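Hi,

Here is the structure I promised to send over.

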Amino acid sequence: MIFSLFGDFTLSLARKYYLLSNVIYDTFASYNITEMDNHSVKENISRRRKASGLSQTEMAEKLGMSRTAYRNIEKGSTQLISGKVDQIASVLDTTTEEIVLGYKPSAKDSMKVQDIKTEYDRKTSELISQYEDEKERLLNQIAVLKDHIDTLKDSLRTKDEMIAMLKKKLAKESEIE
């Protein structure tokens, strides 16, 4: 029973993640923003770094990472996380959008990106809240089930004691006859 609860919980989270990813995809699609591949992003980073006159070693130091780790970003071996993209943009004195898109977006495009970020943050917060609520509900249900199990164990002990007493009484009655 408990395992099926966790199975349902995991399935529920998977469904929510799937729905969130669809909302994000639909949001991007509604703004006619094309998907950028890792190759474009690494080229944009490399181009901006060179234009800023920084070596890979200097970039790595500014980002607090090894030269090899930074080099892997530019080579495309490392999948970028948004935190690193933001940090790289900051070091290069540019925007995250320019790193990802390869051009400085207009104010109109920036607003669209901000709208997408806002929607993403809202949906993420909503999912986290739903996850926490579901987790709390399941923990409460587990506590109730544990209490029920303890009650059943007490009942079983009481019945075992009663059976033992009845067997003794029956044994005494059998000896008397």
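Arginine 48 is buried, at a relative accessible area of 18% (buried means under 20%, exposed over 50% and partly exposed in between, using a 1.4 Å probe and protein chains only). This arginine 48 sits in helix H2, residues 38-51 (helices are DSSP runs of H or I with at least four residues, numbered from the N terminus). Leaving aside residues up to four places away in sequence, arginine 48 touches Leu92, Asp93, Thr94, Glu98 and Ile99; a contact here means heavy atoms within 4.5 Å.

Before you read on, bear in mind that this is a predicted model: local features need pLDDT of at least 70, side-chain atom pairs count only at pLDDT 80 or more, and totals for chains, interfaces and linings use all residues. Residues are numbered from 1 along each chain as its sequence is written, and side-chain values use heavy atoms, with hydrogens and water left out.

Next, the salt bridges. How many does a search of the whole structure find? It finds six, where a salt bridge is a side-chain nitrogen of Lys or Arg within 4 Å of a carboxyl oxygen of Asp or Glu. Three of these residues, Glu119, Arg122 and Glu126, are linked in a network. Glutamate 119 pairs with arginine 122, with the closest N and O atoms 2.9 Å apart, and arginine 122 also meets glutamate 126 at 3.2 Å, N to O. Glutamate 119 and arginine 122 both lie in helix H7 (residues 107-176), three residues apart, about one turn of the helix. Arginine 122 and glutamate 126 are four residues apart in H7, so about one helical turn separates them. The spacing makes sense, because an α-helix has 3.6 residues a turn and residues three or four places apart point the same way. As for accessibility, glutamate 119 is partly exposed at 24%, arginine 122 is partly exposed at 41%, and glutamate 126 is partly exposed at 33%.

Helix H7 also holds glutamate 134 and arginine 137, three residues apart, about one turn of the helix. Their side chains form a salt bridge at 2.9 Å, N to O.

Glycine 76 follows H4 and has a positive phi, near 95°.

H4 packs against helix H3 (residues 56-63) at an angle of about 110°, with the axes 8 Å apart. The axes are lines fitted to C-alpha atoms over the stretch in contact, and angles run from 0 to 180 degrees between N-to-C directions. H3 and H4 are therefore roughly perpendicular to each other (65 to 115 degrees; under 35 is roughly parallel, over 145 roughly antiparallel and the rest oblique). Gln56, Thr57, Met59, Ala60 and Leu63 of H3 make the contact with Arg67, Tyr70, Arg71 and Glu74 of H4.

Cheers

Notes. Helix = DSSP H or I, 4+ residues; strand = E, 2+ residues; numbered from the N terminus.
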